Amino acid sequence: MLIGELSRRTGVVARLLRYYEEQGLLCPDRDSSGYRVYAPDAPYVVARIRGMLAAGLTTDAIREMLPCATDAGPGIEPCPEVLRTMSAHLERMDADIAELHRRRAALAAFHDATEARQRQARAR
C-alpha cells in the first residue's frame with residue numbers, strides 16, 4: 001500500500017509516517033517509480049508505534065523493541081533487552097512522578113500560604 005492509503009487506514013498523517021521512517025521505525029520498500037510501498041502489516045506496526053509513544057517510550061526505545069512486536073496483540077515477545085528497556089522507562093517515570101508530587105506539594109504550600117494571607121488582609 002502507498003503512503004496515502006496507510007495514512008487513511010491509520011489516521012496518521014503522511015508527514016508523521018515519513019518521520020517514523022526517518023527514525024527507523026517503519027521500513028517501506030520502494031517501487032520502480034520511487035514511491036514508498038508499505039507491507040500489509042504496516043497499519044499494525046503504526047498502531048504499535050502510536051501505543052508505545054503514548055506509553056512514553058522514546059523512538060530509540062521503540063526502535064529497539066519494535067522487532068519483538070510480532071503480531072497485532074498486546075505485549076511484546078521477551079526479546080533480549082526488552083524487559084530491561086521497559087524497566088528503565090518505568091523507573092524513569094516513577095522518578096518523574098515523585099518529582100511532580102514534590103513540586104505539587106511545594107506549590108500547594110505556596111498557594112495555601114497566599115490564601116491565608118489574603119484571608120488575613122480581608123479580616124483587617
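## A walk through the chain

This chain holds five helices and two strands. Keep in mind as you look around that the model is predicted. Starting at the N terminus, the elements follow the order α-α-β-β-α-α-α.

Let's begin with the overall outline. The C-alpha trace spans about 80 × 35 × 25 Å along its principal axes. The radius of gyration tells a related story: a compact globule of 124 residues would come in near 14 Å, but this chain has 23 Å. Of the 124 residues, 23% count as buried. Contacts that reach along the sequence are also worth a look: among those joining residues at least 6 apart, 47% link residues at least 24 apart.

An unreviewed UniProt entry carries the annotation "domain: HTH merR-type" for residues 1–68. In the model, that span is 54% helix and 6% strand, and its end C-alpha atoms lie 23 Å apart.

Within this part, start with helix α1 (residues 3–10) and helix α2 (residues 14–22), whose axes are 9 Å apart and cross at an angle of about 105 degrees. Because angles of 65 to 115 degrees count as roughly perpendicular, α1 is roughly perpendicular to α2. Where the two helices meet, α1 contributes I3, L6 and S7, while α2 contributes A14, L17 and R18. Sorted by type, the residues of this contact are four nonpolar, one polar and one charged.

From α2 you can move on to its other partner, helix α3 (residues 42–54). The axes of α2 and α3 are 12 Å apart, and the helices pack at an angle of about 85 degrees. That angle makes α2 roughly perpendicular to α3. Here L16, L17 and Y20 of α2 meet V46, I49, R50 and L53 of α3. The residues of this contact divide into six nonpolar, no polar and one charged.

How values were computed
Residues numbered from 1 in each chain as written. Predicted model: local features only at pLDDT ≥ 70, side-chain atom pairs only at ≥ 80, totals over all residues. Heavy atoms only, no water. Axes fitted to C-alpha atoms, helices over the stretch in contact; angles between N-to-C directions. Helix = DSSP H or I, 4+ residues; strand = E, 2+ residues; numbered from the N terminus. Parallel < 35°, antiparallel > 145°, perpendicular 65-115°, else oblique. Contact = heavy atoms within 4.5 Å. Nonpolar A, V, L, I, M, F, W, Y, C, P; charged D, E, K, R; others polar. UniProt positions renumbered as here; feature names shortened; annotations may be inferred. Rg over C-alpha atoms; globule rule 2.2 N^0.38 Å. Buried < 20%, exposed > 50% of the residue type's maximum accessible area, 1.4 Å probe, protein only.
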